[in-house]
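Dear colleague,

Please find the structure below, handed over for your own use. My notes on it follow directly after.

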Amino acid sequence: MPMRSIRLELARNPEFPEGSSSRGYEFKAPLTDDGTLDHEAWKTVKDACTVRRFWNGEPDENGLLIHTRGKRWMFRYDHPGVVDDHDDPIFRFDRHHFVEGEYVSITEHDEEQRTFRVVSVR
């Protein structure tokens with residue numbers, strides 16, 4: 001199963017009526033032919049399933065795409081010296097089709113759920 005690089009950008013919202021290409025996520029993951037996450041393939045390549053969170057005015061954060069025992073997908077970031085690592089839970093990530101133009105909801109560090117648009121899958 002080939003790895004794909006997926007770019008998500010902040011979708012339209014009250015704060016950003018046009019969305020924002022300078023706020024989002026880039027991550028790598030194995031996808032099935034229909035564009036859904038391939039959980040079985042992820043098990044064999046999980047260390048390569050990296051994520052970069054980019055947010056204008058803040059340093060980039062790097063981490064991993066993880067799957068919890070509770071069957072939830074999350075982006076996990078490790079911050080040396082920080083007791084609580086930051087996790088960004090992703091709403092129904094296993095049901096999404098990662099194709100350009102689709103939308104994904106992610107609960108971010110500030111506990112706000114924001115919507116992101118899939119802008120590229122390579």
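Is F27 buried or exposed? F27 is buried, with a relative accessible area of 0%; buried stands for under 20% relative accessible area, exposed for over 50%, and partly exposed for the range in between, with a 1.4 Å probe and protein chains only.

Two remarks on conventions come before the remaining findings. The model is predicted, and local features therefore require pLDDT of at least 70 and side-chain atom pairs pLDDT 80 or more, while totals for chains, interfaces and linings use all residues. Residues are numbered from 1 along each chain as its sequence is written, and side-chain values use heavy atoms, leaving out hydrogens and water.

Overall architecture

The chain contains 1 helix and 8 strands, arranged along the sequence as β-β-α-β-β-β-β-β-β. These elements are DSSP runs numbered from the N terminus, with helices being H or I of at least four residues and strands being E of at least two. Of the 122 residues in the chain, 43% are buried. The accessible surface is about 7,300 Å², and carbon and sulfur atoms hold 45% of that surface; the areas come from the Shrake-Rupley method with a 1.4 Å probe, and for residues only the protein chains shown count as cover. Among contacts in the chain with a separation of 6 or more, 44% involve residues 24 or more positions apart, a contact being heavy atoms within 4.5 Å.

Strand β1 and its neighbours

In β1, 6 of the 8 residues are buried, so the strand is mostly covered. β1 runs antiparallel to β2, and 8 bridges join the two; strands are taken to pair if DSSP finds at least two bridges between them. Within this pairing, L10 stands opposite S20 of β2. β1 also pairs with β8, again in the antiparallel sense, over 5 bridges, and there L8 has V118 as its bridge partner.

Nonpolar core

The largest nonpolar core has 23 residues, and L8, F27, L65 and F75 touch the most other members. Two or more residues each are given to this core by β1 (3–10), β2 (20–30), β3 (50–55), β5 (73–77), β7 (103–107) and β8 (113–121). A core of this kind is a set of buried Ala, Val, Leu, Ile, Met, Phe, Trp, Tyr and Cys residues joined through side-chain atoms within 4.5 Å. In soluble globular proteins, nonpolar side chains tend to be buried together.

Aromatic pairs

The whole structure holds 6 aromatic pairs. Rings of Phe, Tyr and Trp (its six-membered ring) pair if their centres lie within 6.5 Å, and planes under 30 degrees apart count as stacked, over 60 as edge-to-face and the rest as tilted. F27 and F75 make a tilted pair, 5.3 Å centre to centre with 55 degrees between the planes. This pair links strand β2, which holds F27, to strand β5, which holds F75, across 48 residues. F75 is likewise buried, at a relative accessible area of 0%.

W42 and W73 form an edge-to-face pair, 5.4 Å centre to centre with 85 degrees between the planes. Because W42 lies in helix α1 (residues 39–45) and W73 in strand β5, the pair ties together parts that are 31 residues apart in sequence. W42 is buried at 8% relative accessible area, and W73 is buried at 3%. Ring pairs also link Y25, F27, W55, F75, F98 and F116 into a cluster.

Salt bridges

There are 10 salt bridges in the structure, each defined by a side-chain nitrogen of Lys or Arg within 4 Å of a carboxyl oxygen of Asp or Glu. One of them joins E9 and R7 at 2.8 Å, N to O, and both residues are buried. Another joins E40 and K43, whose closest N and O atoms are 3.1 Å apart. E40 and K43 are 3 residues apart in helix α1, which means that about one helical turn separates them. E40 is exposed at 52% relative accessibility, whereas K43 is partly exposed at 42%. D60 and R52 also meet in a salt bridge of 2.8 Å, N to O; D60 is partly exposed at 41%, as is R52 at 24%. Salt bridges with shared partners join R53, E58, E61, E108, D110 and R114 into one network.

A backbone detail

E111, in the loop between β7 and β8, has a positive phi of about 70 degrees although it is not a glycine. At 64% relative accessibility, E111 is exposed.

Yours sincerely
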